[in-house]
Amino acid sequence: MFRQIITGAAAVLGLASTAEATVEISTTARSLVSNVRVVGQPLTLIGPVAPVSGRTSPGYALNNSAASLAASVGLGTVSGVTATLGLNSGAIATAASANGTTPIDTSSGSASATVSNLDVGLVTSLLGVPTSILSLTAGQVQSVTTVDKLGGTTSFVGGSLFSNLALSVNGSSAFSLGSNAQVAPNFVAFNQNGLKVMLNQQFASNFDSTRVLITNAIGISFTNYLLDGRSLSGSITVGQSLAEFIDSSGDPVPEPASWAQMLAGFGLAGTAARRRRALRA
């Protein structure tokens, strides 16, 4: 009887329509985002600056820009010591693009974020005398992330480029790069006492039919970083680019009308089984 019920339901399911499979590429770029705060205090969010994002199909070519950035986050005063985070830059440019006019010919996408004359500084001040805690400067930083689909293979590539980058912590030089320099993915330039600075930071994920690669030219994180009687947490992301590929060519999810047909199918199969039991009796 159980076999008969399943057979009857399957016959009705075969009549149900399913959603069409789609292939999409999405790309996004942002130049700078900061959510650094004193633990227990309200958040001051900076950015995202000059964001741009698109999704196929059809294809697109989008750009955004900012002439400069000048932002300051006050981190309070403890025992007479004032702390301030400064985020400054020159010209900013972001871009996102993808080809394709239909799901069939959608095959590539790209995102990039470029920041010139970057200056990130965390400074404390006592009686008007400043002390540099963190200083990161660069003539230019850039990240680029691309996605390409060739036949049944999809590939992602992320990379970052740096010009004249200099990192100092507590007044001492910690790391530097010359012009047109590159580093390996997730390169750790500094990591001590809850302060971490990563270059060419990359995150990849693969979930069901969606694959994503994110590239951050610079990722700075504070994890309970102790600073003159206060604790800092949060992150600063500079030059972020993202590529996403969505392919639902696998088993599609039934449409709402199909679910109704499925339920009707199970109901008909159950009715037929009950009639057969009555005849046998």
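**Entry 1: a word I need**

Buried means under 20% relative accessible area. I keep that cut-off beside me while I read this predicted model. Ser231 has 16% relative accessibility, so Ser231 counts as buried. I find Ser231 in strand E16, which covers residues 230-247. What does Ser231 touch, not counting residues up to four places away in sequence? I list Arg37, Val38, Val39, Asn224, Tyr225 and Leu226.

**Entry 2: the whole protein**

I step back to the overall figures. The protein has 281 residues, and 40% of them count as buried. I note 2 helices and 16 strands in its secondary structure. I also look up how far apart in sequence the contacts reach. Among contacts between residues at least 6 apart, 62% join residues at least 24 apart. The accessible surface comes to about 14,200 Å². Carbon and sulfur atoms hold 56% of that surface.

**Entry 3: confidence**

The mean pLDDT is 84. A pLDDT of 70 or more is reached by 80% of the residues. Residues 1-21 have a pLDDT below 50. That stretch still has 27 contacts in the model beyond near neighbours in sequence. Over residues 250-280 the pLDDT stays under 50 as well. There I note 26 contacts beyond four places in sequence. I read both stretches with care.

**Entry 4: Leu75 and its strands**

Next I look up Leu75. Leu75 sits in strand E5, residues 69-78. Is Leu75 buried or exposed? Its relative accessible area is 6%, so Leu75 is buried. I list its contacts, leaving aside neighbours within four places in sequence: Val36, Arg37, Val38, Ala83, Leu85, Leu122, Arg230 and Leu232. Arg37 lies 38 residues from Leu75 along the chain, yet their C-alpha atoms are separated by 6.8 Å.

I follow strand E5 to its partner. E5 pairs with strand E6, residues 81-89, in the antiparallel sense over 8 bridges. Ser72 has Gly86 in E6 as its bridge partner. The hairpin of E5 and E6 has 2 residues between the strands. In this hairpin, Ser79 takes a positive phi near 55°.

E6 also pairs with strand E8, residues 108-126. This pairing is antiparallel too, over 8 bridges. Here I note Asn88, whose bridge partner in E8 is Asp119.

**Entry 5: the nonpolar cores**

I recall a general point first. In soluble globular proteins, nonpolar side chains tend to be buried together. Now I look for such groups in this model. The largest nonpolar core has 45 residues. Which of its residues touch the most other members? I write down Ile218, Ile220 and Phe222. Strand E15, residues 210-227, gives the largest share of this core, with 6 residues.

Leaving aside neighbours within four places in sequence, Ile220 is in contact with Val120, Leu134, Leu136, Leu195, Lys196, Val197, Gly234, Ser235 and Ile236. Another core, of 14 residues, lies apart from the largest one. Its residues include Val23, Ala96, Ala98 and Ala243.

**Entry 6: aromatic pairs**

I turn to the rings. A pair of aromatic rings is described by the distance of the centres and the angle of the planes. How many aromatic pairs are there? The count comes to 2.

Phe175 is in strand E12, residues 172-176, and Phe187 is in strand E13, residues 187-192. The two are 12 residues apart. Phe175 has 18% relative accessibility, so Phe175 counts as buried. Phe187 has 28%, so Phe187 counts as partly exposed.

I also write down Phe222 and Tyr225. Their ring centres are 5.7 Å apart, and their planes stand at 65°, so this pair is edge-to-face. Phe222 is buried at 4% relative accessibility. Tyr225 is buried as well, at 7%.

**Entry 7: one last residue**

I finish with Gln201. Gln201 is in strand E14, residues 195-207. Its relative accessibility is 12%, so Gln201 counts as buried. Leaving aside neighbours within four places in sequence, Gln201 is in contact with Asn186, Ile214, Thr215, Asn216 and Gly219.

Note on methods
Residues numbered from 1 in each chain as written. Heavy atoms only, no water. Phe/Tyr/Trp six-rings, centres within 6.5 Å; stacked < 30°, edge-to-face > 60°. Helix = DSSP H or I, 4+ residues; strand = E, 2+ residues; numbered from the N terminus. Buried < 20%, exposed > 50% of the residue type's maximum accessible area, 1.4 Å probe, protein only. Contact = heavy atoms within 4.5 Å. Core = buried A, V, L, I, M, F, W, Y, C linked by side-chain atoms within 4.5 Å. Areas by Shrake-Rupley, 256 points an atom, 1.4 Å probe, with all protein chains shown as cover. Pairing = 2+ DSSP bridges. pLDDT = per-residue confidence, 0-100.
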